[in-house]
Amino acid sequence: MQSEYMYQLLIKMKDGDQQAFHTMYDATYQDIYRTVSFLVNHQQDREDIMNEIYMQMWTSLANYDTNRPFRFWLHGLVIRQVKRFRVKSWRRFRIFERIRAFSREESHWDQPTVLMDGTNQMISHAIQKLTDKQRTVIIFRFFHDYTLEEVATLLDIPLGTVKSRYHAGLQSLRKNLWNLPPERMEKINDYRTQNS
């Protein structure tokens, strides 16, 4: 979507234009869903969070400064809703009840709509094994091309903390992927080179 077109949609949305909201929803949904899918493991939880993100987008749009990058603002909403979900989940379920209930669910990491071009099932599973904090930094760094400074701003944490999580996440990914066939390691290295 062209930036001028997006800017016009945002202006219309701020004026309450629901059709502009639907157009923006259609244009951003797949990217936001993919991000949430990497941050949250279970399908129903993802759908709940997606609903919350877009409801929050609509209700807080009056406070959005159209001079700021919309994509960055929207990713901030993603971070806040995922954090909010995690806090609510922790309060709602005791740990053993969560394990029992969620262990029966199938993983949806293999769905083509979830994975970006250039990623594969092994990389997705390796990302899934990261801690929530590491996974968040890795996803916003590699899949959304944010600098570490921008990730720190987005997560509202110190840059040193982002760097620590980033390096620990990369180290864990390397450890989990070290035994890949050479041609797959080349794809990963090419991807990392393109996105660094």
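Analyst: The discussion below moves from the overall fold to individual residues. This is a predicted model, in which local features need pLDDT of at least 70, side-chain atom pairs count only at pLDDT 80 or more, and totals for chains, interfaces and linings use all residues. Residues are numbered from 1 along each chain as its sequence is written, and side-chain values use heavy atoms, with hydrogens and water left out.

User: Which secondary structure elements does the protein contain?

Analyst: Helices (H or I, at least four residues) and strands (E, at least two) are DSSP runs, numbered from the N terminus. Here there are ten helices and zero strands.

User: How much of the protein is buried?

Analyst: A residue is buried under 20% relative accessible area, exposed over 50%, and partly exposed in between (1.4 Å probe, protein chains only). By this criterion, 42% of the 196 residues are buried. As for contacts (heavy atoms within 4.5 Å), 66% of those with a separation of 6 or more join residues 24 or more positions apart.

User: Where do the buried residues of helix α8 lie when the helix is seen down its axis?

Analyst: One takes the directions from the helix axis to the C-beta atoms and asks what arc they span. Helix α8 covers residues 148–155, and its buried residues are L148, V151, A152, L154 and L155. They fall within an arc of 165°, so they line one face of the helix. After α8 comes D156, with a positive phi near 60°.

User: How is a pair of aromatic rings described?

Analyst: The description uses the distance of the centres and the angle of the planes. Rings of Phe, Tyr and Trp (its six-membered ring) pair if their centres lie within 6.5 Å; planes under 30 degrees apart are stacked, over 60 edge-to-face, and the rest tilted. The whole structure holds 13 aromatic pairs. One of them, Y25 with Y54, is edge-to-face, with 4.7 Å centre to centre and 65° between the planes. Y25 belongs to helix α2 (residues 18–39) and Y54 to helix α3 (residues 43–60), so this pair ties together parts 29 residues apart in sequence. Y25 is partly exposed at 29% relative accessibility, whereas Y54 is buried at 4%. Ring pairs also link F21, Y25, Y29, Y33, Y54 and W58 into a cluster.

User: Which charged residue lies over the face of Y146?

Analyst: A charge sits over a ring if NZ of Lys or CZ of Arg is within 6 Å of the ring centre and within 35 degrees of the ring normal. R71 takes this position over Y146, at 5.4 Å from the ring centre.

User: Which residues touch the most other members of the largest nonpolar core?

Analyst: In soluble globular proteins, nonpolar side chains tend to be buried together. A nonpolar core is a set of buried Ala, Val, Leu, Ile, Met, Phe, Trp, Tyr and Cys residues joined through side-chain atoms within 4.5 Å. In the largest core, of 49 residues, I53 and M57 touch the most other members. Helix α4 gives the most to this core, with nine residues. Leaving out residues up to four places away in sequence, M57 touches M13, F21, M24, F70, W73, L74 and L77.

User: Is V36 buried or exposed?

Analyst: V36 is buried, with a relative accessible area of 0%, and lies in helix α2. Beyond its neighbours within four places in sequence, V36 contacts R46, I49, M50, I53 and V78. Q19 is also in helix α2, but Q19 is exposed, at 54%.
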